[in-house]
Every structure is written in C-alpha cells, then in structure tokens.
Amino acid sequence: MKETITLPPQRVSSVDAYRGFVMFLMMAEVLRLSRVAEAFPDSTFWAFLDFHQSHVPWVGCSLHDLIQPSFSFLVGVALPYSMASRASKDQSVATMWAHTIRRSLILILLGIFLRSMHSEQTNFTFEDTLTQIGLGYPILFALGLASEKTQRDALVWGALGIILIGYAGVFAAYPLPGPGFDWSQTGTTADWEHNLKGFAAHWNKNTNAAWAFDRWFLNLFPREKPFEFNGGGYSTLSFIPTLGTMILGLIAGKWLKTAVSSTWLLKRYAITAGVLFLLALAFHFTGLNPIVKRIWTPAWTLFSGGWAFLLLAAFYFVVDVKGQKSWFFPLIVIGTNSIAAYVIADGFGGFIRESFKIHLGQHYDAFLGEGYAPLVSGALVLLIEWLILRWMYKKKIFIKI
C-alpha cells in the first residue's frame, strides 16, 4: 500500500500582507501626526490624518481603531493553517494543547511586560492586545479543534452568538448610576459629551459591568495605589468579545484554506461583511448596543469583523488572485514577523529616537521646520525599525510563540 504523506500548508501571502499593513499602522504611531496637526491647526489634511491615527473618544471608528480587531481576526485566520502544519508533523492533540497553553501564557506575560517597561513595578493590566488574545486563545483553539472534527461552521457561529449575547446581557443587567453615584471614581462626569442616553447608557465609560469587574480583579494584584478606573475606559473583560473577533477570523481562515475557487471565497467574504455591517448598524442605531471599540461591545465585534472580512478579501484579490505580491513586499516583511514588529514598535521607538538626538543633535529633525519635526524623526525611526525586520527576514529569523 502506498503511504500517504500530508504536506504542511503553504503561507498565504495576502494574510501576511494584511497583517503587515496592520502592524505598519501600529508602527507608524511614531510619526506623531497629532503633533503635526497641532502645528498646522488650519490644515484639514493633517487633521484627517490625525483622526485616523487616533482612537475615537468613545462611539464610532477610525482607521486606528481597526488595528487591534484586525490583528485579533488574523490570529483566527492563521489557526487552521497552524493546526494543519502541526498535524502534518504527526503532533498529538495533547502536544497541540501544551503548545496552545504555552502560547497563551507567553502572550499574556509579554503584554504585561510591555506595559510595565516604564513603571517602577509590574503593571498588572490585561487590556493590552497581546494579553487579550492570550486570554481567549485556548478557547479559540478548542473551537478550532472541535470544528475540524465536525467539519461544521454551525458550531463556531453558535459559540460566537452565545459569547456576544451573554456579554451584552451582563452589561445590560448592571445597574446604571443613581442620583448619589460618586463620579470621581470613574475619571469622567455625568455630563461628559460622549455619554450615551437611555438603554445604551449601560455601555458608558467606567460606569459599566467591565469597569466594576476590574475594580475588584485588578486590586487583587500588587499596585502602587488601588485601581479605580482605566483612563481610556479599557477593561480586562474585553477579551471575551475579542474572542468573538478571533472566531470570525477562524471562520474566514477555514474558508480560505478550503476554498473551491477565488470567486466563491470572495463572494462569501463580501456577503458575510455585509451581514455583519447590517447587524452592527441595526444594534447601534436602535440603541440596543452601541459601536464602541474601547469596551469591545458586541456591535463593535460585528462592525470591525465586517471591515476585517473586507480587508482580507481586498488583500486576497490583489495579492493572491492578481498575483501582485511584489507590490506588498514591505508589508510582507513586517507581516511574517509580526511579534517581532510588535515588540520593536512598542519597546524600541523611544530608544531609537533618543539615539538620533545623541549622535545627530537635539534638533536634527527640524530642517523642514519645527512643525514637521515629529514627522521627520518618526519617519527615520520607522525606517530603522523596518530595516531591522528586513534583516531578520533575509536571515530567516522569525519570532514564533
């Protein structure tokens, strides 16, 4: 009998390009477009760029707001390929589970480490992108494993529904602030311009169920002072709907891996995106559930998921269907080493900038004028970061967890 050999799946260039695009947006924070916009207050061009390099205050979406959901979505997209690769090496389910738990712990601890770099003690916080992914990753793997065995999408769609409905239910059940509520505990005020009214007020900043959970949970860890609120409104429990985003990526990855044709796949992605957008907007405009990234409302999971499906479809069409991989080489360099890119962007930007000041002078970046100095120094930092990743790419040095 002829032996059957299972070959490991090949990398999908469009996925690497999309991931590289997402990481580039994160790395490009060093351009500090908000400071350029402040220097030119009458420029609608810089104001537009500043808006899309910033998170919206509460409700809504900018391009910058799509970084974290895209990164989380792509974790789900990659999972079917990762599982197939390990299966091709005859790894047992127990071995896969051991790798999953290890990866989850590393992501959680790496997120905490990066958030503690400029602190005098460990900053136990769990809203970082890597930490949020790590908290939900074992559940994602369990769903991926179960769906592989059953070959049914209904299981993961059902899990997504339970997660989003359950999460919304917890927020809806938490009481709204009463007349004697102490707003000083929240870092906001009763008349904050972004506060929502009516039923949607259950998802207001630092007066919700996730905020209450963190006031208990985060104070279980050693801290310089007791935790009262997160200034941005972010929360630990957002890992639950973030898991929903990863589940959408898992579905997209399964379709990508088993696509019968590019036309079939693109139609599925487009229809799914349309349905997700319609549901998200319906929940938002009826007041049942607002689109808020900072606490990852279920409507945000659906809305950002729609964008993720569209962006993946666009990259797949141009890179894989049209074969224009060379156009996206700079992004592919970043996307194939995304953890390295994340760590470099989060931990080394300031060091590179200060090194330039030491060796080139304090005002090396002002030759175009003080207004453009943040842009010049940021562009140089971005170039150095990319060259480091390019060197790692050439030497085939990839950080894998």
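## Exposure and the model

A residue is called buried when its relative accessible area is under 20%, exposed when over 50%, and partly exposed in between, using a 1.4 Å probe and protein chains only. By that rule Lys396, at 67% relative accessibility, counts as exposed.

This is a predicted model, in which local features need pLDDT of at least 70 and side-chain atom pairs count only at pLDDT 80 or more, while totals for chains, interfaces and linings use all residues. Residues are numbered from 1 along each chain as its sequence is written, and side-chain values use heavy atoms, with hydrogens and water left out.

## Two helices side by side

Let's start with a pair of helices (helices, H or I of at least four residues, and strands, E of at least two, are DSSP runs numbered from the N terminus). Helix α1, residues 13–27, packs with helix α13, residues 338–347, at an angle of about 5 degrees, and their axes are 10 Å apart. Axes here are lines fitted to C-alpha atoms, for helices over the stretch in contact, and angles run from 0 to 180 degrees between N-to-C directions. The two helices are therefore roughly parallel to each other (under 35 degrees; over 145 is roughly antiparallel, 65 to 115 roughly perpendicular and the rest oblique).

On the α1 side, the contact (heavy atoms within 4.5 Å) is made by Arg19, Met23, Met26 and Met27, and on the α13 side by Ser338, Ala341, Tyr342, Ala345 and Asp346. Sorted by class, these are 6 nonpolar, 1 polar and 2 charged residues. Ala, Val, Leu, Ile, Met, Phe, Trp, Tyr, Cys and Pro count as nonpolar, Asp, Glu, Lys and Arg as charged, and the others, Gly among them, as polar. Ser338 of α13 is buried, with a relative accessible area of 13%. Leaving aside neighbours within four places in sequence, Ser338 is in contact with Arg19, Met23 and Phe71.

On a 1 Å grid over the protein atoms alone, a cavity is a set of points where a 1.4 Å probe fits but cannot get out, a pocket is an open set with protein on both sides within 12 Å along at least five of seven lines, and lining residues have an atom within 4 Å of a point. Grid points are joined across faces, edges and corners, and a volume is the space filled by probe spheres set on the points.

The largest pocket holds about 1,200 Å³ of space. It is lined by 39 residues, of which Arg11, Arg19, Ala78, Ser82 and Lys400 are the closest to its centre. Helix α4 gives the most to this lining, with 10 residues. By class, the lining of the largest pocket has 21 nonpolar, 9 polar and 9 charged residues.

There are 4 cavities of 30 Å³ or more, and the largest cavity has a volume of about 60 Å³. Among the residues lining the largest cavity are Gln68, Tyr234, Lys293 and Trp296. That lining has 2 nonpolar, 5 polar and 3 charged residues.

## Residues to look up

Most residues other than glycine have a negative phi. Asp90, although not a glycine, has a positive phi of about 60 degrees. Asp90 sits in the loop between α4 and α5 and is exposed, with a relative accessible area of 70%. Lys396, also not a glycine, has a positive phi of about 55 degrees and is found in the segment after α15.
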